[in-house]
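The following report is meant for a reader who meets this structure for the first time.

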Amino acid sequence: MQGNEGIKSLLKKLDLSLVLLPLLVVTILCIVFILFPDRSTEVTDNIRALIGNVGWFYILLGLGVFATTMYIAFSRYGQIRLGNLEKPEYSSYKWGTMVFTSVMAADLIFFSFIEWALYADEIRIEQLGTVQDWAPTMPLFHWGPIPWSFYIVLAVAFGFMLHVRKTTKQKFSEACRPLLGNRIDGFAGKVIDFIAICALLAGTATTFSLATPLVAAALSQLTGLPLTAGFTIGLLIFIALIYTITVLCGMKGIIFAATVSFSLLGFLLVTFLFAGGQTQYIIETGISSIGLLTQNFIVLATWMDPLRTSAAAYPYSGFVQDWTIFFWAYWMAWCAATPFFLAMISRGRTIRNVIIGGYGYGLAGTFLSFIVFGNYGFSQQLAGTVDAIGTVSAGHDMSIAIIQIFETMPFTELLLVVLIVMMVLFYSTTFDSKTMVVAKYSYKSLEHSAETSRPLKLFWAGVFIVFPIGLIFAENAIDSLMSVAIIAAFPIGFIFIIIILSFFKDARLYLAGK
């Protein structure tokens, strides 16, 4: 009886529309992708093509958000402290590891090894110069300051809302209240939160569906088990079990997983840098790529290819539409939860510290990963020991090419074990933070220090795994994933603008003593 009363009490506290409707949407989409993979891919690609006509919206939004973070950091707003603590709640190291590992870290590793190969045959690379110069540079742009600015600006807005204004409604829509007022308590607020949760589920599905095959391929290589869809689905369920256990441990579990995974990443970086025999090439190519990115940042960030001179497959899309807009949308889809988590762990820090520290830890970890892993893989392509470009061009599983890169290293089996453990822990920290945040969104109201219900966390942990299973069965998986991310992020862009304007309005009142 006590258990039933506890469930009834929990249900009264929840905003059931934000719990049940996203579940319904995900379930329907999952069924559609499983039963009609070709048709669903065609539909999502057509919608993506329509959105591609306003790709300039993503480009201008990215530039505007990046410029906004710089302005906030070095203006009077940067001096605002998030909370009344004399020093930050978490040390800089713990905070930095959580910042880095909560942001698509598993996908980061996947793309670090292979993204250069995705660009090698692109017409845009020929237009810019040589493959040697630009294939390693474009990943730094696509994982650089602009996408990180999406998370950082919202982390500031949510941090101000949580730690300065101390709101008791911990919802995505609450950050829009200074501009939209009491409309947030009605239909407008529910629509904003529903869009945010659906976008997050789409981003989650994309992450699982891209990076999990690499873990599956590594595990298959070590165990000799056949690499089938059933094997990958079983691995997905196992990963979900791990991150569910971790999230039930609260912040201690997240900090532990973040610290261990960050240490394992450091081990892999050092090993690939010094034990692979390509140290000089990795360092010199990395320095050249950073220089090219710095010199050409504005050009890369504003080039829209209006004549589609870089189009390779479809008349409506070129390099920008296929890749840059995809990555901007991919990061935006995660903005429903990641910045909220970053805000939660930033209590006691100034806004300037959150912005500069966020860029510092985020870009350091990201650039190191792409420079070391990516340039090592590229060196093996040039040496003829692997053919990652051929694998990608032929449409084969990119994870196979990554495993081949690992096989060129000494102690391959040990490194694959480290890779598996690290990526599972990266999944754990990333999805623990998402589960904690979405669980908070589910309540009608919740004090900042209050813990969310364990059954609710278990519910969302299960929901996160449903859609990725459906996408595994989709034909042309990478195109489907890119389309889903771009579609989901489009309405989020408009909510971005509302949240940023709301922050400025509320922060200005705060500085005026109101």
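M161 is found in helix α10, which covers residues 145–164. This, like everything below, is read from a predicted model. With a relative accessible area of 7%, M161 is buried, because the cut-off for that word is under 20%. The C-alpha atom of M161 is separated by 6.6 Å from that of A175, although the two residues are 14 residues apart along the chain.

The chain to which this helix belongs has 24 helices and zero strands. Its radius of gyration is 22 Å, close to the 24 Å that the globule rule gives for 514 residues, so the protein chain is as compact as a globular protein of that length. Taken along the principal axes, the box filled by the C-alpha atoms is roughly 65 × 55 × 45 Å, and buried residues make up 59% of the 514 residues.

| Helix | Residues | Number of residues | Expected span | Span between end C-alpha atoms |
|---|---|---|---|---|
| α2 | 16–35 | 20 residues | 28 Å | 28 Å |

For α2, the reach from the first C-alpha to the last is close to the value expected at 1.5 Å a residue. The buried residues of α2 are L18, V19, P22, V26, C30 and F33. Seen down the axis of α2, these buried residues fall within an arc of 100°, so they line one face of the helix. In general, an α-helix has 3.6 residues a turn, so residues three or four places apart point the same way. On the face of α2 turned away from its buried side lie the exposed residues L20 and L35.

L35 also belongs to a nonpolar patch on the surface, which it forms with L21, L24, I28, I31, V32, I34 and F36, and which has about 710 Å² of accessible area together. One of these residues, I28, is found in α2 and counts as partly exposed, because its relative accessibility is 45%.

Conventions:
Residues are numbered from 1 along each chain as its sequence is written. This is a predicted model: local features need pLDDT of at least 70, side-chain atom pairs count only at pLDDT 80 or more; totals for chains, interfaces and linings use all residues. Side-chain values use heavy atoms; hydrogens and water are left out. Patches are made of residues with over 30% relative accessible area and no salt bridge: like charges are joined within 9 Å, nonpolar side chains (Val, Leu, Ile, Met, Phe, Trp, Tyr) within 5 Å. Accessible areas come from the Shrake-Rupley method with a 1.4 Å probe; for residues, only the protein chains shown count as cover. A salt bridge is a side-chain nitrogen of Lys or Arg within 4 Å of a carboxyl oxygen of Asp or Glu. Helices (H or I, at least four residues) and strands (E, at least two) are DSSP runs, numbered from the N terminus. Buried means under 20% relative accessible area, exposed over 50%, partly exposed in between (1.4 Å probe, protein chains only). The expected span of a helix is 1.5 Å times one less than its number of residues. The arc is that of the directions from the helix axis to the C-beta atoms. The radius of gyration is taken over C-alpha atoms; the globule rule is 2.2 Å times the number of residues to the power 0.38.
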